[in-house]
Amino acid sequence: MGCISRIAAACALFFLCSSCSFGTGLPSEIFRHWVHSYEEDEKGVQVFRPLGYEFPPSRGRDSFEMRPDGLYIWYGPGADDRTQARSGRWTQSGSSGVRVTFPGSNGSQEFVILEVSPKFLRIRR
């Protein structure tokens, strides 16, 4: 295969993959940075608000970001209370479920999207 053919094949693969939609069954509102609003949690349901929401004072909050390409980033306090980020991958599980895996971890985390809008996200873990 000549150099031009390899470049053409690579470009075709890039455009094919970039047009793939990893989250076609999930609402588009899920793809943003969500911050845990633990004051609003109730009986197994966790509530999240978008980054920028004005929360009451708190020592720290977990948050996560989901991107349409399958990237999942968890943010939370580290050993010294400074925020640390951990990147993983998400996949859809059923019609409204999400499975998250992190490199070097044998298990996965799962949650079900109960309700999502531009103003809030409710999930069950």
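Predicted model: local features only at pLDDT ≥ 70, side-chain atom pairs only at ≥ 80, totals over all residues.
**Strand β4 and its partners**

Strand β4 spans residues 71-77 and is mostly covered, since five of its seven residues are buried. On one side of the pairing scheme stands strand β3, residues 63-66, which runs antiparallel to β4 and is joined to it by four bridges. Within this pair, M66 stands opposite Y72. Strand β5, residues 83-93, also runs antiparallel to β4, and seven bridges join the two.

| Hairpin | Residues between the strands | Residue with positive phi |
|---|---|---|
| β3 and β4 | four residues | G70, about 100 degrees |
| β4 and β5 | five residues | D81, near 70 degrees |

**Residue L71**

L71 belongs to strand β4. Is L71 buried or exposed? Its relative accessible area is 18%, and because buried means under 20%, L71 counts as buried.

**The largest nonpolar core**

The largest nonpolar core of the model consists of 16 residues. Those with the most contacts inside this core are F64, M66, Y72, V98, F111, I113 and L121. Strands β3, β6 (97-101), β7 (108-116) and β8 (121-124) each supply at least two residues of the core. The largest share, three residues, comes from β7. V98 touches L26, M66, W90, T91, S93, Q109, E110, F111 and I113, when residues up to four places away in sequence are not counted.

**The largest pocket**

The largest pocket holds about 160 Å³ of space. Its lining is made up of H36, Q46, F48, D62, S63, F64, Y72, W74, R86, F102, Q109 and R125. What is the division of this lining into nonpolar, polar and charged residues? Five are nonpolar, four are polar and three are charged. Strands β2 (45-50), β3 and β4 each contribute at least two residues to the lining.

Two residues link these sections. F64 and Y72 are among the residues with the most contacts inside the core, and both F64 and Y72 also line the largest pocket.

Conventions: Residues numbered from 1 in each chain as written. Heavy atoms only, no water. Buried < 20%, exposed > 50% of the residue type's maximum accessible area, 1.4 Å probe, protein only. Pairing = 2+ DSSP bridges. 1 Å grid on protein atoms, 1.4 Å probe; cavity = no way out; pocket = protein on both sides within 12 Å on 5 of 7 lines; lining within 4 Å. Points joined across faces, edges and corners; volume = space filled by probe spheres on them. Nonpolar A, V, L, I, M, F, W, Y, C, P; charged D, E, K, R; others polar. Core = buried A, V, L, I, M, F, W, Y, C linked by side-chain atoms within 4.5 Å. Contact = heavy atoms within 4.5 Å.
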